[in-house]
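Here is a quick briefing for anyone opening this structure for the first time. Take a look at it, then read on for a tour by topic.

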Amino acid sequence: MASPQMVKNIQKLSKDLSRVINLLPREDLYTSVANPNYAADYLFEMKVLFSLLDHMTKGGWSGSVENRQGQGNIVLPRKPGLKRNFSYFILENKVTKEKWQVVHGTKIKDPFGELRAPDISLQVGNAGVNPTYRDIKAIWDAKLRGKEDSLTNKRISDSEYQSFAWLRENLRVPRPNSADDPLAGWPQAFEVSALITNGDGPTENDQVLLNNGVSITRHFQNATTPTHPRRQLHKPLRPKKIVRLGGISKIKV
């Protein structure tokens, strides 16, 4: 079960956001969770989501809510669902008019027709209610260690990490610093598609993470908590060249 302090932390974030994008849910964020065993995990996802929105709307972006439900309610999924059934958020740069959708917990069709649901996805501004991998530019998963959001040295498991790296690859999410990666200048916790946790990272070494185009935001407190490895250490994959030698094609990296 979630601690009372964790509930207060999320409610404060929600109230801060409500001043700029009318976000404050009409429901109790804890007692409304269907299965109390998952309340803490759900609230940590909210902390990660609201921290991103709070930082962006204080830093030159406007925020709004799309797909409000009856009486203007904001409805976020308790488990993976279809985007058309839930609310999501629009961020627009006040100067450049660059626009993005920040979507919590809904399904995305991968290149093979399978539905995948990262905790948070960054979708292009014109993405519809049936998004595919072509609409996705970044993903983040929240991993709570323990039952409250206090910092701990408990690790993300290697299998959790590998599952996220596999998800990033299967959704064709752009690698950090590639031509179609939009996260330059985003807050440090979100500058790379990452697993975000109040705990520590997996036992995989940094070269594995860099090879997979993934980072870990360890000991997360807010959007300014840095990822590891940092964005500048990620290098986009070099394109492969096909060289013909004596009528035989060879791939040169």
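**A first look**

Asn177 sits in the loop between α3 and β8. Keep in mind that this is a predicted model, where local features need pLDDT of at least 70, side-chain atom pairs count only at pLDDT 80 or more, and totals for chains, interfaces and linings use all residues. Residues are numbered from 1 along each chain as its sequence is written, and side-chain values use heavy atoms, with hydrogens and water left out.

**The chain as a whole**

- The protein chain has four helices and 11 strands; these are DSSP runs numbered from the N terminus, with helices being H or I of at least four residues and strands being E of at least two.
- Of its 253 residues, 49% count as buried, and buried means under 20% relative accessible area, exposed means over 50%, and partly exposed is in between (1.4 Å probe, protein chains only).
- The protein chain exposes about 12700 Å², with carbon and sulfur atoms supplying 49% of that; the areas come from the Shrake-Rupley method with a 1.4 Å probe, and for residues only the protein chains shown count as cover.
- Take the contacts between residues at least 6 apart in sequence: 60% of them join residues at least 24 apart, where contact means heavy atoms within 4.5 Å.

- Asn177 has a phi near 70°, a positive value in a residue other than glycine.
- Asn177 counts as partly exposed because its relative accessibility is 31%.
- Arg172 lies in the loop between α3 (158–170) and β8 (194–197).
- Arg172 also has a positive phi, about 55°, although it is not a glycine.
- With 41% relative accessibility, Arg172 counts as partly exposed.

**His228 and its surroundings**

- You'll find His228 in the loop between β9 (215–217) and β10 (241–245), and Pro229 lies in the loop between β9 and β10 too.
- The peptide bond from His228 to Pro229 is cis, with omega near -10°.
- Is His228 buried, exposed or partly exposed? His228 counts as partly exposed because its relative accessibility is 28%.
- Leaving out residues up to four places away in sequence, His228 touches Asp206, Leu209, Ser215, Ile216 and Arg218.
- With Asp206, His228 makes a side chain to side chain polar contact at 3.0 Å. A polar contact is a pair of N or O atoms within 3.5 Å; within protein, one must be able to donate a hydrogen and the other to accept it, and residues adjacent in sequence count only if both atoms are side-chain atoms.
- His228 and Leu210 are 18 residues apart along the chain, and their C-alpha atoms are separated by 9.7 Å.

- Thr57 is buried because its relative accessibility is 10%, and Ser51 is buried because its relative accessibility is 6%.
- The side chain of Thr57 reaches the backbone oxygen of Leu53 at 2.8 Å.
- A polar atom of the Ser51 side chain lies 2.6 Å from the backbone oxygen of Lys47.
- Not counting residues up to four places away in sequence, Ser51 touches Leu13, Phe220, Asn222 and Ala223.
- Residues lining the second largest pocket include Leu13, Lys47, Ser51, Asn222 and Ala223.
- α1 (4–21) and α2 each supply at least two residues of that lining.
- By class, the pocket lining has two nonpolar, five polar and five charged residues. Here Ala, Val, Leu, Ile, Met, Phe, Trp, Tyr, Cys and Pro count as nonpolar, Asp, Glu, Lys and Arg as charged, and the others, Gly among them, as polar.
- On a 1 Å grid over the protein atoms alone, a pocket is an open set of points with protein on both sides within 12 Å along at least five of seven lines, a cavity is a set where a 1.4 Å probe fits but cannot get out, and lining residues have an atom within 4 Å of a point.

**Ile74**

- Ile74 lies in the loop between β1 (61–66) and β2 (88–93).
- Ile74 is buried, with a relative accessible area of 10%.
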